[in-house]
Amino acid sequence: MLFSKLFIPTMKEVPKEAEVISHKLMLRAGYIRRLASGIYTWLPIGLKSLKKVEQIIREEMNKKGAQEILMPVVQPKELWVESKRWERYGKELLRFIDRNDRELCLAPTHEEVVTDLVRREVRSYKEFPLNLYQIQTKFRDEIRPRFGVMRGREFSMKDAYSFDVDEPSAETSYMDMYDAYNNIFRRCGLRFRAVEADTGQIGGSFSHEFMVLADTGEDIIISCDTCGYAANLEKAEAGFVDIKKSTKKGNYRRVKTPRQKRVEEVASFLNVTHDKLLKTMIYRTDKNIIGVLVKGDREINETKLSNLLALDNLEFADAYTIEEVTGGPLGFSGPIGLKIPLYADRDVEYMEDFVIGGNEEDVHVVDVNIGDFEVEGFFDLKVVKDGDLCPKCKGTLKSTRGIEVGHIFKLGLKYSEAMNATFLDREGKERHMVMGCYGIGVGRTVASAIEQGYDENGIALPLSIAPFEVNVLPVNSSHAESMELADSIYKSLKDRRVDVVLDDRNERPGVKFKDCDLIGIPIRVTIGERNLKDGYVELKFRNEKDSQRIKKEDVIGRVMDYVEEHKSM
């Protein structure tokens, strides 16, 4: 490919709309252009990187026996009603009516469609295991799309779906995908971790997220510094030391705390530490009003709470409801005397002589103990933080930031039961298929690689997914001998199946160098008149500070050594 023929509309200035580094650089380097909020056009060099990620995905999926299909992006309402997600999915599901008054949606995911396909075509246990995947456009009507292709409304996704006869077979399919995902992200040159995760809207019994480690990541990963435990913040658990519980009861007393409402204010006023306070949070759910108890220095993990109680809707109660339930205003709630179900975090069971709200304005209660009120039970309900004990080995947990690029789920019977996807087993009995689903954000993977690989000059993508592997750059395109050697190197590398571009533009050297670094080409072969007189060229690797002066006849061998080494990583 000749650089002069490429459509690469680079930018000098950072667009105002861009927030994170990948968004800024993808716009500046001519990878993408914005069409509408959360909707982007992929330009030639951006698409080249996208297609390279897709090819790695296809190769690894095919190795595991998965078969590629392509399902429609438009889906009928009826399938979503069967799975009971038409109402539950929320406003992110873009719904519309066609000319025949049929209700349809743009696919955010394809569980319903693939389940319908397989239940129609597969009847016998002999046809399992089955794993079908696609690389397809998805649409989720995000309320606040941001970060470019990282959180867009329209995006490219690889989604796969496994079907098995029983749980042990489904476990094997799940682990095959776990292995494939590790290989995919390793081959993409990413630093990543697989972490335990909540199943969210997809549902199912278990899942892992694959998180690219980046300081700009919007997700928090909790991991142990001793063992291999890792989970996202929603799923992360903390270990605890089982100490002696207080047997005290009835020693509490009410005290005036005028204008002291927040934890910090009450703790300072009563001269106690934050962990000696007990917060009582009142929630409205789709079932009833509940109270949740957590130590004053901790926060409630609402995902854990929703999963514990199998809730579809959970929100903080308004001030009117709080006063109606507790008898006191917002900020003074306490568990004593409440007639609603109370759920306590596990740490609360070990508290002694603590402070609670008095269910009356400007009143708190001190020297309270667990025996002074009743709860439904003690559960892991808090948000984990740095320094907590690991639940597996009692090591110390720490937090890092990450970007989710892949997610795998053990769905079990969630969709096959709802949609009656069955098969006949060896005895001729009808049974429901056991399912799994597995997603990768393809564009998000490219953006995440940029979040990990950049400097002040631009993008520094891994060789396996860079738009070009090598840039042959003659300093003076009007110098015949330089262009002759450049063309020879270019053709030799092309013959060896290297993805190479020849910068034949009649531009200043500085412009060429800046463009090469900005768009993220890993290898640059520079041909200058002065070096060429001595039989040398300059070899520069994007991830190294200094260039190397090497003999012109050695350049092909050096480049091929680097390409082969990094392709096998």
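This is a predicted model: local features need pLDDT of at least 70, side-chain atom pairs count only at pLDDT 80 or more; totals for chains, interfaces and linings use all residues.
Local features require pLDDT of at least 70 and side-chain atom pairs 80 or more, whereas totals for chains, interfaces and linings use all residues. Residues are numbered from 1 along each chain as its sequence is written, and side-chain values use heavy atoms, without hydrogens and water.

**View 1. The whole chain.** The chain comprises 14 helices and 31 strands (DSSP runs numbered from the N terminus: helices H or I, at least four residues; strands E, at least two). Its C-alpha trace spans about 95 × 65 × 50 Å along the principal axes. Of its 569 residues, 52% count as buried (under 20% relative accessible area, 1.4 Å probe, protein chains only).

**View 2. Helix α7 and its cover.** In α7 (residues 302-309), the buried residues are Thr303, Lys304, Leu305, Ser306 and Leu309. Their cover includes β14 (278-285), β15 (289-295), β16 (314-316) and β17 (342-345). Following α7 is Ala310, with a positive phi near 55°.

**View 3. Packing of α2 against α5.** Helix α2 (residues 44-63) and helix α5 (residues 167-187) pack at an angle of about 150°, their axes lying 9 Å apart (axes are lines fitted to C-alpha atoms over the stretch in contact; angles run from 0 to 180 degrees between N-to-C directions). The two helices are therefore roughly antiparallel (over 145 degrees). Ile56, Ile57, Glu59, Glu60, Met61 and Lys63 of α2 meet Met177, Ala180, Asn183, Ile184 and Arg187 of α5 (contact: heavy atoms within 4.5 Å).

Key:
Buried means under 20% relative accessible area, exposed over 50%, partly exposed in between (1.4 Å probe, protein chains only). Angles under 35 degrees count as roughly parallel, over 145 as roughly antiparallel, 65 to 115 as roughly perpendicular and the rest as oblique.
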